Amino acid sequence: MALLVIAPDLEMTPFVEQLHTLDPELEIRIWPEFGNADDIEFALTWYHPPGELKKFINLKCIASFGAGVDHILRDPNLPPGVLLTRVVESSMPQFMSEYVILAVLNYCRQFDIYKEDKINKQWQPRIPLLARDIRIGIMGLGQLGADAATKLIQLGFEVIGWSRTPKTISGVLSFAGDDALANFLSQANILICLLPLTSATKGILNRNTFEKLPAGAYLINVARGEHLIEKDLLDALKSGYLSGACLDVFNVEPLPEDHPFWNHPNIMITPHISSLTDPKAVMPQILENYHRMKSGKPLLHVVDVERGY
Ligand code: NAP
Ligand code: GLV
């Protein structure tokens with residue numbers, strides 16, 4: 001029995017080392033050198049080549065290397081009946097909330113403009129946007145959205161949230177379901193996307209959505225690139241309807257060199273780093289599931305495949 005690591009675009013050495021430290025007996029195979037395919041019962045994956053997992057006829061669990069599972073479910077040839085798990089633990093929300101707070105405060109305190117001012121040796125105090133005057137709308141109130149909401153409230157922002165089902169988070173006004181979306185959007189000066197990518201949420205950051213926001217709203221997308229219709233964002237910025245955007249995720253990653261976002265003055269870009277998988281924090285739960293699978297116990301953080309997250 002072996003654990004397969006299949007993450008072609010990631011440097012997996014720290015994760016494999018951490019797994020070995022935790023369990024020196026663990027047999028780890030690193031794709032594409034997987035040896036006898038029949039030995040593989042557990043796969044740790046990040047954007048595996050579609051169709052590849054079908055080779056492993058004894059596979060019992062596909063574990064996402066991150067919180068999202070869209071990179072697994074996009075494979076139309078997944079082996080049937082295999083359980084899917086994802087990462088749920090405290091370092092991920094911590095990283096994500098830090099990023100979101102930074103993006104919100106960067107916007108409110110206009111740090112990008114002060115960077116320009118420094119280049120131009122310009123001493124120009126500006127009036128900041130005050131937290132008490134800003135309502136932040138968070139799409140998705142799961143492990144990441146709920147944590148960000150709580151921390152933004154502590155900073156004095158008003159926070160509202162939108163999810164599929166109603167939530168009770170102290171201080172957060174909850175909007176639930178498609179019927180509540182327009183009302184939610186109409187109140188969000190800063191819109192943060194922390195939704196999973198599913199057939200229901202793909203392309204949700206589009207022109208219709210932007211037009212429902214208060215004029216001059218700011219967008220932060222830290223979920224998936226395919227939530228955003230990129231041309232609609234460019235149009236909304238051009239018309240001045242949106243004032244700016246901070247984007248960590250893109251339709252194509254790495255963002256192509258000739259992409260218009262690179263040179264746009266009102267778009268802040270980071271390379272999909274808003275929340276990272278920390279080997280020390282996350283590998284124990286991967287190993288725990290591996291041992292649970294071996295002894296026939298229920299797995300942790302199993303994904304509802306029908307729902308898509
Ligand atoms: P999660 O715990 O599964 O929470 C998802 C939230 O979205 C839930 O509140 C859910 O509502 C809501 N939701 C799902 N579909 C919806 C719909 N159709 N309409 C309204 N609300 C909907 O997910 P998470 O762990 O917080 O992670 C969210 C996403 O962040 C991940 O899927 C991943 O794509 C992204 N992410 C990005 C990074 C990065 O570095 N950029 C890092 C980690 C994660 P209910 O609770 O009512 O079902
Ligand atoms: C990162 O994007 C994740 O889904 O954990």
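These are my notebook entries on a predicted model of one protein chain.

**Overall build.** I began with the secondary structure and found nine helices and twelve strands in the protein chain. The radius of gyration is 21 Å, close to the 19 Å that the globule rule gives for 309 residues, so I noted the chain as being as compact as a globular protein of that length. Along the principal axes, the C-alpha atoms fill a box of roughly 65 × 45 × 35 Å. I then looked at burial and at contacts: buried residues account for 49% of the 309 residues, and, among contacts between residues at least 6 apart in sequence, 60% join residues at least 24 apart.

**Surface and charge.** For the accessible surface I have about 15,400 Å², with 54% of it belonging to carbon and sulfur atoms. I counted 27 positive and 36 negative side chains, and the centres of these two sets lie 5 Å apart.

**K55.** I located K55 in the loop between β3 (40-45) and β4 (61-64), where its relative accessibility of 41% makes it partly exposed. Its side chain makes a polar contact with the side chain of E52 at 2.5 Å, and, if residues up to four places away in sequence are not counted, K55 touches F34 and A37. I also looked up the separation from D117, which is 62 residues away along the chain, and the C-alpha atoms of K55 and D117 are 57 Å apart.

**T209.** This residue belongs to helix α7 (residues 207-212), and I recorded T209 as buried because its relative accessible area is 5%, under the 20% cut-off. Leaving aside neighbours within four places in sequence, T209 is in contact with L185, L191 and I204.

**Backbone checks.** I kept in mind that most residues other than glycine have a negative phi and that most peptide bonds are trans. Going through the peptide bonds, I found that the one from W31 to P32 is cis, with omega near 10°, and that P32 sits in the loop between β2 (28-30) and β3. The bond from E253 to P254 is cis as well, with omega near -5°, and P254 lies in the loop between β11 (242-247) and β12 (267-269).

Turning to phi, I noted that Q110, although not a glycine, has a positive value of about 60°; Q110 is in the loop between α3 (91-108) and α4 (111-119), and at 17% relative accessibility it counts as buried. H301, also not a glycine, has a positive phi of about 55°. I placed H301 in the segment after α9 (279-294), and its relative accessibility of 30% makes H301 partly exposed.

Conventions
Residues numbered from 1 in each chain as written. Chains lettered and ligands numbered in written order. Predicted model: local features only at pLDDT ≥ 70, side-chain atom pairs only at ≥ 80, totals over all residues. Heavy atoms only, no water. Helix = DSSP H or I, 4+ residues; strand = E, 2+ residues; numbered from the N terminus. Rg over C-alpha atoms; globule rule 2.2 N^0.38 Å. Buried < 20%, exposed > 50% of the residue type's maximum accessible area, 1.4 Å probe, protein only. Contact = heavy atoms within 4.5 Å. Areas by Shrake-Rupley, 256 points an atom, 1.4 Å probe, with all protein chains shown as cover. Lys, Arg positive; Asp, Glu negative; His and termini not counted. Charge placed at Lys NZ, Arg CZ, Asp CG, Glu CD. Polar contact = N/O pair within 3.5 Å; in protein donor to acceptor, adjacent residues only side chain to side chain.
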